[in-house]
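Trainee: Please take a close look at the salt bridges in this model and walk me through them.

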Amino acid sequence: MLDELQRRNYSQNTIKTYLHAVEEFSRYFHRSPDRLGPDHIRQYQAYLFRERKLQAGTIALCTAALRFLYVKTLRRPYLPEHIPFPKRPRQFARCTQSRRGSAAD
């Protein structure tokens, strides 16, 4: 996986993050990730949400690392729906009231 990330010119921070995410995934199941599949990823995502209480953005990052491993490195024919990204909560822009046109002007 490291060679593939470097070959594609990923940043050092991304490489470190992806390798850590895959290592944690493997450690959770006590197996090599090449012996795991999409069902394990879904189970792991549920664990990250329910027990570790991680935010959707953090879980999306883990998911991206696992997608890279399975699709790009191991060349498994998974479709995106086999390894889904979590839905992120919507953030609404703050509306601030302009002071222009107020009675004080």
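Salt bridges within the helices

Mentor: Arg27 and Glu23 form a salt bridge whose closest N and O atoms are 2.5 Å apart; the term stands for a side-chain nitrogen of Lys or Arg within 4 Å of a carboxyl oxygen of Asp or Glu. This is a predicted model, in which local features need pLDDT of at least 70, side-chain atom pairs count only at pLDDT 80 or more, and totals for chains, interfaces and linings use all residues. Residues are numbered from 1 along each chain as its sequence is written, and side-chain values use heavy atoms, with hydrogens and water left out.

Arg27 and Glu23 are 4 residues apart in helix 2 (residues 12-29), so about one helical turn separates them. Helices here are DSSP runs of H or I with at least four residues, numbered from the N terminus. Arg27 has 47% relative accessibility and counts as partly exposed, as does Glu23 at 40%; buried means under 20% relative accessible area, exposed over 50%, and partly exposed in between, with a 1.4 Å probe and protein chains only.

In helix 1 (residues 2-7), Glu4 and Arg7 lie 3 residues apart, about one turn of the helix. Their closest N and O atoms are 2.6 Å apart, in a salt bridge. Glu4 is buried at 12% relative accessibility, whereas Arg7 is exposed at 58%.

Helix 3 (residues 38-50) holds Arg42 and Asp39, 3 residues apart and so about one helical turn from each other. The salt bridge between Arg42 and Asp39 has its closest N and O atoms 2.6 Å apart. Across the whole structure, the search finds 5 salt bridges.

Definitions and conventions: Helices (H or I, at least four residues) and strands (E, at least two) are DSSP runs, numbered from the N terminus.
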